[in-house]
Amino acid sequence: MAAAPWALRAASFVVVFAAWEYAGRLPVNPAFPPFSDTLVAAGEMVADLSLVAALGVTLWPLAVGVALSSLAGVAAGVAMGLSRRAEWLFVPVFIVLQAAPLAALIPILVLAYGVGLLSKVMTVCIMAMPVIVLNSFKAIRHAPSSLIEMGHSFLGSRRQIIAKVILPAASPVIFAGLRLGLAAGFIGAILAELLISPTGIGDLITYHQSVADYPKMYAAIATVIVLSVLFIGLLDRAEIALFRPERRSAR
Amino acid sequence: MNRVVALRAGPAVAEPMVEVRGLSKVYPGGVEALSDITLNFPKGKLTTLLGPSGCGKTTLLKIVAGLIPASAGEVSVGGRKVTGPGPERAFVFQDFALLPWATVLRNVAFGLELRGTGRWEREATARRHIEEVGLKGFEDAYPHQLSGGMRQRVGLARALAVDAEVLLMDEPFSAVDEQTRRKFQEDLLALVAGKGKTFLFVTHSIEEAVYVSNRIVLLSRRPSRVSEIIEPDIPRDLPPDRIRRHSAYIDTVEEIWQGLKRYLE
Ligand SMILES: Nc1ncnc2c1ncn2[C@@H]1O[C@H](COP(=O)(O)OP(=O)(O)OP(=O)(O)O)[C@@H](O)[C@H]1O
Ligand SMILES: [Mg+2]
C-alpha cells in the first residue's frame with residue numbers, strides 16, 4: 001500500500017512528459033520543443049552554469065519578497081482576524097490588491113522605484129501578499145468557536161487562547177495561503193524580470209526566445225516550475241513538522 | 001476562594017451548590033430561550049435537565065458555566081455570583097471540543113496547562129484520569145485515532161482533571177452506541193457516589209435521565225420554564241439490570257413521558 005501513492009505520482013509524471021514529448025514531435029508548433037530536447041538543453045545550461053547563475057539572480061528578489069510578504073502578511077492577516085477594527089481598516093485594501101491586474105501596476109512601480117531590485121521585490125510582494133493576508137484572516141476567523149469556548153471555560157487568558165487554540169487551529173489555512181503566496185511570488189519574480197528589466201531567468205527566457213533557441217527557453221521556464229513545486233513541498237513539510245504532529249503520525 | 005463548607009450531618013439535607021434565580025435569556029435577534037427560571041442544584045447530587053429540543057438546556061448550562069451572559073436574573077455557585085468561568089466549574093462538551101493537534105495526554109492536561117500547572121504535575125494528574133476513564137495506553141494517541149466514545153471519555157477526563165466541584169455535562173453520551181452508553185451511565189453513577197461533586201447533566205433520553213439522576217428538571221418548550229421537578233425514588237444499590245426492571249424506574253419513565261408528551265402537540 002505504501003508504494004501506491006509514489007507509483008501513481010511517478011505515473012502522472014510519465015504521462016505528462018510523454019504527452020509533452022508527443023506534442024513536441026508532432027510538432028504542435030515549431031516553437032514548442034519535445035521534452036527530451038528540453039531536458040538536454042537544461043543539462044547544457046546547468047553544465048555551462050548559465051542556469052545556476054540566472055537562478056542566483058532571480059531567487060534574490062523572490063526570497064526577499066516572499067519573506068517580507070510572509071512575515072508582514074501573516075501578521076496583518078492574524079491581526080485582522082482578531083480585531084474588527086483592523087479588519088475594517090485593511091481588508092478592503094487587500095481585496096482590491098488581489099483583484100487588481102498586476103501588469104497595470106508595474107509601470108507605476110517602475111515610476112516610483114526605478115528598474116532595480118526594489119521594484120522587483122515590490123512586484124513579488126504585490127503578487128504574494130494579498131493571498132497570504134486574506135488566507136490568514138479567514139483562518140483566524142474560522143477557528144472553531146467550540147474550541148475557543150472550551151479554552152474560555154478552562155480559564156484560558158486571551159493570550160493563551162490565541163497561542164494555544166486559535167493559531168494552531170488556523171495553521172493549515174495560513175500555510176495554504178503561504179503556499180499560494182509562494183507560487184504567486186514566483187510568478188511575480190518572473191514577471192518582474194520580463195516586464196521591468198531582463199535579469200536572471202527572465203533574461204534567459206527573453207534571450208533564448210529572441211535567438212529562437214526554444215529548448216533552452218523552455219528549460220528555463222521548466223526550471224522555475226520545478227523550483228516552485230520543490231519549495232512548496234518544503235513548506236508542506238515544515239508545517240507538518242512544526243504545527244501538525246497529528247498528521248505526522250497519520251502518514 | 002471562600003467556599004461554604006457544610007457541617008450539617010445527614011445525606012438527605014443536601015444544600016444547593018448551584019442556585020439559579022429568575023434567569024432569562026433573550027438572544028440577540030430576539031429568540032427568547034429562557035424565561036424566569038428559578039432552580040437549585042443540590043450539592044453532591046446529579047440533576048438532569050430534560051426538555052424538548054431547542055428549549056434552552058444548553059443555554060442554561062452555558063450561563064451557569066459563565067460562557068454566555070444572562071439577560072436577567074443571576075446564578076451563584078457555592079454562594080458566589082457567577083460572572084464568568086471559574087475554577088470550581090468544568091464543562092463536558094457535547095461535541096468533545098478536543099484539540100485535534102494535541103495528544104490525549106495534552107488534551108486531558110489542557111485545563112491544567114491553561115492554569116499554569118507545571119508540566120510534570122499536570123501530566124501525572126492527567127495520566128491518573130486517563131486511567132480512570134479507561135483509556136490507559138492511549139496517552140499518545142491523537143483524537144482522530146479514537147472512536148467517538150473514546151473521545152467523549154477524553155473530554156470527561158479533561159473535566160475531571162481540573163478537580164472542579166461542579167461538572168456541567170451537555171449530552172455527554174450522545175455520540176456513543178447503546179452498549180457504551182450504558183457502561184458510561186454506570187461509570188457516571190460511580191462518579192456521583194464517589195466524589196461528592198455536583199453534576200448538572202443534559203440528556204435527550206428519558207431512560208438515561210431516570211437511571212442516573214437524583215433529580216430531574218423538566219423544562220417546557222421555548223421560552224423555557226421549569227414545568228416539573230421529579231426525584232426518582234430508585235434504590236441505587238441494586239445491580240443495573242435490576243434497576244432497569246424496578247417498578248419505580250418504569251413508573252418514573254412513564255410519568256416523565258406523560259409530562260413531556262404535551263409539548264409534542
Ligand atoms: N447563539 C445563538 N443565537 C441566537 N439564538 C440561539 C443561539 N443559541 C441558541 N439559540 C436559540 O435558543 C434556543 C435554545 O437553544 P439551546 O441550544 O439552548 O437548546 P437545547 O435545549 O440545548 O436544544 P437541544 O436539545 O436540541 O440541544 C434555540 O431556539 C436556539 O435556536
Ligand atoms: Mg443542546
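In this text, helices (H or I, at least four residues) and strands (E, at least two) are DSSP runs, numbered from the N terminus. The model is predicted: local features need pLDDT of at least 70, side-chain atom pairs count only at pLDDT 80 or more, and totals for chains, interfaces and linings use all residues. Residues are numbered from 1 along each chain as its sequence is written, chains are lettered from A and ligands numbered from 1 in the order in which they are written, and side-chain values use heavy atoms, with hydrogens and water left out.

**Exercise 1. Describe the make-up of chain A.**

Step 1: Start with the elements. Chain A has eleven helices and zero strands, and its pattern along the sequence is α-α-α-α-α-α-α-α-α-α-α.

Step 2: Look at the extent. The C-alpha trace of chain A spans about 70 × 55 × 30 Å along its principal axes.

Step 3: Turn to burial. Buried means under 20% relative accessible area, exposed over 50%, and partly exposed in between (1.4 Å probe, protein chains only). Of the 251 residues of chain A, 41% count as buried.

Step 4: Consider contacts, meaning heavy atoms within 4.5 Å. Among contacts in chain A between residues at least 6 apart in sequence, 72% join residues at least 24 apart.

**Exercise 2. Classify the ring pair of A:Phe17 and A:Trp20.**

Step 1: Recall the rule. Rings of Phe, Tyr and Trp (its six-membered ring) pair if their centres lie within 6.5 Å; planes under 30 degrees apart count as stacked, over 60 as edge-to-face and the rest as tilted. Over all chains, this rule gives ten aromatic pairs.

Step 2: Apply it. The centres of the A:Phe17 and A:Trp20 rings are 6.4 Å apart and the planes stand at 45°, so this pair is tilted.

Step 3: Place the residues. Both A:Phe17 and A:Trp20 belong to helix 1 (residues 3–25) of chain A, three residues apart, about one turn of the helix. A:Phe17 is partly exposed because its relative accessible area is 29%, whereas A:Trp20 has 18% and is therefore buried.

Step 4: Widen the view. A:Phe13, A:Phe17, A:Trp20, A:Phe32, A:Phe35 and A:Tyr218 are linked into a cluster by ring pairs.

**Exercise 3. Work out how helix 5 and helix 6 of chain A pack.**

Step 1: Two packed helices are described by the angle between their axes and the distance between the axes. Here, axes are lines fitted to C-alpha atoms, for helices over the stretch in contact, and angles run from 0 to 180 degrees between N-to-C directions.

Step 2: Read the values. Helix 5 (residues 102–113) and helix 6 (residues 117–141) of chain A pack at about 150°, with axes 10 Å apart.

Step 3: List the partners. From helix 5 of chain A come A:Leu102, A:Leu105, A:Ile106, A:Leu109, A:Val110 and A:Tyr113, which meet A:Leu118, A:Ser119, A:Met122, A:Thr123, A:Ile126 and A:Met127 in helix 6 of chain A.

Step 4: Sort by class. Ala, Val, Leu, Ile, Met, Phe, Trp, Tyr, Cys and Pro count as nonpolar, Asp, Glu, Lys and Arg as charged, and the others, Gly among them, as polar. The contact of helix 5 of chain A with helix 6 of chain A has ten nonpolar, two polar and no charged residues.

**Exercise 4. Examine the backbone at A:Pro27, B:Asp36 and B:Ala97.**

Step 1: Note the background. Most residues other than glycine have a negative phi, and most peptide bonds are trans.

Step 2: Check A:Pro27, in the loop between helix 1 and helix 2 (35–47) of chain A. The peptide bond from A:Leu26 to A:Pro27 is cis, with omega near -15°.

Step 3: Check B:Asp36 in strand 2 (residues 32–42) of chain B. Although not a glycine, B:Asp36 has a positive phi of about 50°. B:Asp36 is partly exposed, with a relative accessible area of 49%.

Step 4: Check B:Ala97, in the loop between strand 6 (89–92) and helix 2 (104–114) of chain B. B:Ala97 is not a glycine, yet has a positive phi of about 50°. At 3% relative accessibility, B:Ala97 counts as buried.
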